[in-house]
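Subject: Handover of a structure model

Dear colleague,

Please find below the structure that I am handing over to you. My notes on what was found in it follow directly after.

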Amino acid sequence: MSSSQKKACIGFFAEKKEIYNKCRAESEFLGNYAEGLMGGGSLFILDIGCGDGGLLNRLVGKTDGCFGVGLDLCRTLIREGKKRYGNSVQYLVADAEYLPFRKRIFDLAVMVTLLHHVVATTPKKTRAMQKKILNNAKDAIKPEGKLLLRELCPHNKVLSILLYWLSRCFAHLCLPVAEVSFLTEPELLRIVDSAFSTTRVLDRFPWSEFDFRIGGRIIILAFRT
Ligand SMILES: C[S@@+](CC[C@H](N)C(=O)[O-])C[C@H]1O[C@@H](n2cnc3c(N)ncnc32)[C@H](O)[C@@H]1O
């Protein structure tokens with residue numbers, strides 16, 4: 001992502017912080033999946049693109065001895081998260097492209113609707129960057145660690161390309177739109193497979209009217225080894 005694209009992304013989410021009120025039910029829903037993976041043990045969890053950290057706080061709050069780190073580009077959302085949830089998780093303003101951690105330290109990484117916000121100057125560079133972010137997630141988790149990923153996948157490639165160019169045009173006209181590059185389900189599975197040894201689709205469903213129109217959400221569990 002160029003620095004102006006990053007700035008625009010941060011600005012978009014800082015303005016849209018009220019959408020996180022709508023995301024809370026979704027965090028609850030997704031939390032059930034993540035809890036099933038945690039098995040009740042004390043875990044070190046990383047949320048990449050955590051927003052205000054709703055999901056992470058839910059996970060850490062449910063199990064004794066869990067420690068959570070939430071990372072996001074947007075300082076405003078992190079500030080909101082601290083106000084709302086207190087200091088039970090550690091927040092970090094950082095870029096998923098350059099994770100500031102030692103390798104192989106987390107038991108579980110979660111990445112919820114981050115990937116489609118990773119947009120570079122060309123579609124080819126965008127895919128390369130999305131792959132890099134998945135590889136960073138893999139490097140951050142222990143060999144037996146897992147990644148829980150949730151993405152919105154459009155029905156087909158034509159729709160994905162259309163949304164990419166529309167969002168780029170609107171963003172260049174300074175309209176309040178985030179640039180997006182959605183992956184279709186086969187594309188997403190391909191790039192997750194290229195980073196992780198095993199990939200399992202846990203669920204697919206439309207969460208909102210918007211999702212239903214453009215495609216559906218997919219929940220993927222990926223194993224490092
Ligand atoms: C759609 S929101 C999802 C937030 C959260 N995962 C949730 O489900 O509530 C996408 C988030 O990714 C963050 N983001 C986008 N690009 C990022 C990057 N390169 N590194 C870290 N965070 C990023 C945005 O700031 C935003 O908070």
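In what follows, a residue is near a molecule if its C-beta atom, placed from the backbone, lies within 6 Å of it. Please keep in mind throughout that this is a predicted model.

Ligand surroundings

The ligand is surrounded by 20 residues, and the closest are G49, G51, C74, A96 and V112.

Strand 1 and its partners

Four of the five residues of strand 1 (residues 44–48) are buried, so the strand is largely enclosed by the rest of the structure. Strand 1 pairs with strand 2 in the parallel sense, over five bridges, and in this pairing L46 stands opposite V69. Between these two strands the chain passes through helix 3 (residues 54–62), and the β-α-β crossover is right-handed. Strand 1 also pairs with strand 4 in the parallel sense, here over three bridges. In strand 4, the residue opposite L46 is A109.

Strand 5 and its partners

Of the 14 residues of strand 5 (residues 141–154), 11 are buried, so this strand too is largely enclosed by the rest of the structure. Strand 4 (residues 106–112) runs parallel to strand 5 and is joined to it by six bridges. The chain leads from strand 4 through helix 5 (residues 123–140) to strand 5 in a right-handed β-α-β crossover. Strand 7 (residues 215–223), by contrast, runs antiparallel to strand 5, and nine bridges join the two. Within strand 7, I219 stands opposite R150.

The nonpolar core

In soluble globular proteins, nonpolar side chains tend to be buried together. In this model, the largest nonpolar core has 57 residues. Those with the most contacts inside the core are I45, A109, V110, M111, A137 and L147. Leaving aside residues up to four places away in sequence, L147 touches A109, M111, A137, I141, F196 and A222.

S194 lies in helix 7 (residues 185–195). A residue counts as exposed if 12 or fewer other C-beta atoms lie within 10 Å of its own; S194 has 11 such neighbours and is therefore exposed. S194 and R150 are 44 residues apart in sequence, and their C-alpha atoms are 17 Å apart in space.

Backbone points to check

Most residues other than glycine have a negative phi. R104, in the loop between strand 3 (90–93) and strand 4, has a positive phi near 60 degrees. With 14 other C-beta atoms within 10 Å, R104 is partly exposed. T113, in the loop between strand 4 and helix 5, has a positive phi near 50 degrees. T113 is partly exposed as well, with 16 other C-beta atoms within 10 Å.

With kind regards

Terms used: Residues numbered from 1 in each chain as written. Predicted model: local features only at pLDDT ≥ 70, side-chain atom pairs only at ≥ 80, totals over all residues. Buried ≥ 20, exposed ≤ 12 C-beta atoms within 10 Å, placed from the backbone. Pairing = 2+ DSSP bridges. Right-handed = clockwise from strand over helix to strand, strands pointing away. Core = buried A, V, L, I, M, F, W, Y, C linked by C-beta atoms within 7 Å. Contact = placed C-beta atoms within 7 Å.
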